[in-house]
Amino acid sequence: MKSPTIPDSVFLKKFIDVLAREMVPLEIIDVNGNRYSTGLSDTRFQLKIRDKKFFNALASPDAFRLGDAYVKGYFDIQGNVRELYEMVCSRLLDKDRRKSFFKRIFQLFKNPALTEKENIEYHYD
């Protein structure tokens, strides 16, 4: 079964909103040549989307799909790729790691009887 295609216009808007909120200075050019910006004056990077398959790779939980999409030419980046990668990781991914850390800590203090009940319900419902 073919995976569903993500509507690129809706996803692109959300993608730009997230980057703008996290202050990632990026100009984006879509497959039709339309230009978008995160609204920051110091736009040091440019993302050119060459194929709509880029959006499926971006939305995938498998991080390797994004690298594969780059190699296949679905998108290109102007500017220092490493600097952009490190900036995005520090501004977006670290927040998820902190949430994950606190979630694990919370699990340590959670009532074991509740955890056991949840596990049983998960496997037998």
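Buried means under 20% relative accessible area, exposed means over 50%, and partly exposed lies in between. The model used in these exercises is predicted.

**Exercise 1.** Decide whether Tyr 70 is buried, partly exposed or exposed.

*Solution.* Start with the value: Tyr 70 has 35% relative accessibility. Then apply the cut-offs of under 20% for buried and over 50% for exposed. Tyr 70 therefore counts as partly exposed. Tyr 70 sits in helix α3, which covers residues 63-71. Finally, look at the surface.

**Exercise 2.** Classify the aromatic pair of Phe 54 and Phe 55.

*Solution.* A pair of aromatic rings is described by the distance of the centres and the angle of the planes. For Phe 54 and Phe 55, the centres are 5.4 Å apart. Pairing requires centres within 6.5 Å. The planes of Phe 54 and Phe 55 make an angle of 70°. An angle over 60 degrees counts as edge-to-face. The pair is edge-to-face. Both residues are buried. Now widen the view. Phe 54 and Phe 55 belong to one aromatic cluster with Phe 15, Tyr 70 and Phe 75. The whole structure holds four aromatic pairs.

**Exercise 3.** Describe the chain by its helices and strands.

*Solution.* Count the elements: five helices and four strands. Then read along the sequence: the pattern is α-β-β-β-α-α-β-α-α. Of the 125 residues in the chain, 24% are buried.

Notes. Residues are numbered from 1 along each chain as its sequence is written. This is a predicted model: local features need pLDDT of at least 70, side-chain atom pairs count only at pLDDT 80 or more; totals for chains, interfaces and linings use all residues. Side-chain values use heavy atoms; hydrogens and water are left out. Helices (H or I, at least four residues) and strands (E, at least two) are DSSP runs, numbered from the N terminus. Buried means under 20% relative accessible area, exposed over 50%, partly exposed in between (1.4 Å probe, protein chains only). Rings of Phe, Tyr and Trp (its six-membered ring) pair if their centres lie within 6.5 Å; planes under 30 degrees apart count as stacked, over 60 as edge-to-face and the rest as tilted.
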